[in-house]
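Q: I would like a close look at a single part of this structure. Please take it step by step.

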Amino acid sequence: MKTLNISALFVSVLLVSCSREPVPLSYGKDPCEHCKMTIMDTKYGAEIVTAKGKIFKFDAAECMVDFINDNPGKYNAPGDMLLTTNVAAPETLIDARSAFFLKDKAFKSPMGGNLASFNSRQLAENNLQNADGTILTWDELLSGR
């Protein structure tokens with residue numbers, strides 16, 4: 001019986017350590033995986049949680065895009081979670097694949113991409129402040145359009 005309890009404990013520890021849940025960004029502490037800057041601005045973070053549970057944190061969506069493009073085929077698999085901060089509710093990470101990205105110089109993202117993410121096209125349109133601003137989908141952002 002003692003062996004069974006130890007085995008159950010071991011399996012429980014493995015399941016917890018292989019969690020595929022996002023981890024909140026620790027502003028002022030976590031480094032960006034791509035540019036190595038400390039993640040500071042609560043409006044612009046991003047995160048990848050791989051299918052195996054490995055977590056990569058970024059100070060801006062543009063750093064996550066560059067990281068994915070620098071590692072082709074590695075971190076954009078269907079089982080990977082790609083998350084970005086919702087500018088309209090900065091405490092919330094949203095699915096980058098379904099987010100809308102507003103590129104507008106009114107938004108001063110950390111890497112100078114002037115990129116803000118929203119969970120709906122309507123919110124992105126409502127926050128458009130400059131005539132040359134554009135709204136992009138994840139696929140458009142990733143392909144550089």
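Which elements cover the buried residues of α2?

A: The model is predicted. In it, the cover over the buried residues of α2 includes the strands β1 (46–49), β2 (55–58), β3 (81–86), β5 (100–103) and β6 (115–118), together with the helix α4 (138–143). Helix α2 itself spans residues 61–70, and seven of its ten residues are buried. These are Ala61, Glu62, Cys63, Met64, Val65, Phe67 and Ile68.

Next comes the nonpolar core. The largest one has 24 residues, and Ile48, Phe58, Met64, Ile68, Phe101 and Trp138 have the most contacts inside it. At least two residues of this core come from each of β1, β2, α2 and α4. The largest share, six residues, is supplied by α2. Apart from this core lies another, of ten residues, including Ala60, Leu102, Ala116 and Ala124. In soluble globular proteins, nonpolar side chains tend to be buried together.

Leaving out residues up to four places away in sequence, Ile48 touches Met64, Phe67 and Ile68, among others. The residues it touches also include Lys54, Ile55, Phe56, Phe58, Tyr75, Met81 and Leu82.

Cys63 is buried, because its relative accessibility is 1%. The closest cysteine sulfur to that of Cys63 belongs to Cys32, at 3.7 Å, so the two are too far apart for a bond. Cys32 is also buried, with a relative accessible area of 1%. The count of disulfides in the model is zero.

Conventions: Residues numbered from 1 in each chain as written. Predicted model: local features only at pLDDT ≥ 70, side-chain atom pairs only at ≥ 80, totals over all residues. Heavy atoms only, no water. Buried < 20%, exposed > 50% of the residue type's maximum accessible area, 1.4 Å probe, protein only. Helix = DSSP H or I, 4+ residues; strand = E, 2+ residues; numbered from the N terminus. Contact = heavy atoms within 4.5 Å. Core = buried A, V, L, I, M, F, W, Y, C linked by side-chain atoms within 4.5 Å. Disulfide = S-S within 2.5 Å.
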